[in-house]
Amino acid sequence: MAVKKESVQTWMEKSFEYAEDALKNGEVPVGCIIVYEETVLASGRNEVNETKNATRHAEIVAIDRVLEWCSDNGKDWREVFHNSTLYVTVEPCIMCTGALRNIGLGKVVYGCRNERFGGCGSVIPVHTDSLPQLGPKFECVEGVMAERAVDLLKDFYKGENTNAPESKRKIKDK
């Protein structure tokens, strides 16, 4: 599943649009797209705070949208995911990496590493672990526009998370 370098940059730029939208809406700024046959089938951004649902990470939102697209267009979701690439601004967490493996995604390209929860090698290599019951292993390409992804995360963590319970909020020095 070779992808031209110019395409990678273009797709990552698109992912950042969704990450920036997440930031504007008080979410951890992670955005993604799923590309199939050089077409963006779905996008996602974190919706955890808005929905009060801890599973609504950008990748899960995009997976749901691809499943809907497949249903609407009479496509076999297994074939579509197998031949698709996820472009995401931050390394998928362990939960999302497990979900991506479970649906049989072909490839992931991501920006910065997720040193706390990363499922593509930063914490646990879920994408390549010997867990056949989880689904096929997939390839990861890391570090594409990583600095930009880190900058967005820093912007988010400069502020106070107004969605956090009062007892968990950190007071930031102004």
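This is a short tour of the structure, stop by stop, with something to select at each one.

**Before you start**

The model is predicted, so local features are given where pLDDT is at least 70 and side-chain atom pairs count only at pLDDT 80 or more, while totals for chains, interfaces and linings use all residues. Residues are numbered from 1 along each chain as its sequence is written, and side-chain values use heavy atoms, with hydrogens and water left out.

**Stop 1: the whole chain**

Show the cartoon and follow the chain from the N terminus: its elements run α-β-β-α-α-α-β-α-β-β-α. That comes to six helices and five strands (DSSP runs, numbered from the N terminus: H or I of at least four residues for helices, E of at least two for strands). Of the 174 residues in the chain, 44% are buried. Buried means under 20% relative accessible area, exposed means over 50%, and partly exposed lies in between, with a 1.4 Å probe and protein chains only. Contacts here are heavy atoms within 4.5 Å. Among contacts with a separation of 6 or more, 57% join residues 24 or more positions apart.

**Stop 2: the core**

Next, select M12, V66, L86, Y87, L100 and V108. In the largest nonpolar core, which has 41 residues, these touch the most other members. Such a core is a set of buried Ala, Val, Leu, Ile, Met, Phe, Trp, Tyr and Cys residues joined through side-chain atoms within 4.5 Å. Now colour helix α3 (residues 58-73): it gives this core its largest share, six residues.

**Stop 3: a buried glutamate**

Move to E47, in the loop between β2 (39-45) and α2 (48-51). Is E47 buried or exposed? E47 is buried, at a relative accessible area of 16%. Show its surroundings too: apart from neighbours within four places in sequence, E47 contacts E27, R56, V61 and R65.

**Stop 4: two loop residues with positive phi**

Select E37, in the loop between β1 (31-36) and β2. Its phi is near 50°, a positive value in a residue other than glycine. E37 counts as exposed, at 58% relative accessibility.

Then go to K52, in the loop between α2 and α3. K52 is not a glycine either, yet it has a positive phi of about 55°. With 67% relative accessibility, K52 counts as exposed.

**Stop 5: helix α6**

Select residues 146-158, which make up helix α6. This helix has 13 residues and reaches 18 Å from its first C-alpha to its last, close to the 18 Å expected at 1.5 Å a residue (the expected span is 1.5 Å times one less than the number of residues). Colour A149, L152, L153 and F156, the buried residues of α6. Look down the axis: these buried residues fall within an arc of 95°, so they line one face of the helix. The arc is that of the directions from the helix axis to the C-beta atoms. On the face turned away from the buried side you will find the exposed residues E147, K154 and K158.

**Stop 6: rings**

The structure holds four aromatic pairs. Rings of Phe, Tyr and Trp (its six-membered ring) pair if their centres lie within 6.5 Å; planes under 30 degrees apart are stacked, over 60 edge-to-face and the rest tilted. One of the pairs is F156 with Y157, edge-to-face at 4.8 Å centre to centre and 85° between the planes. F156 is buried at 13% relative accessible area, whereas Y157 is partly exposed at 48%.

Finish at R148, whose charged end sits over the ring of F16, 4.4 Å from its centre (NZ of Lys or CZ of Arg within 6 Å of the ring centre and within 35 degrees of the ring normal).
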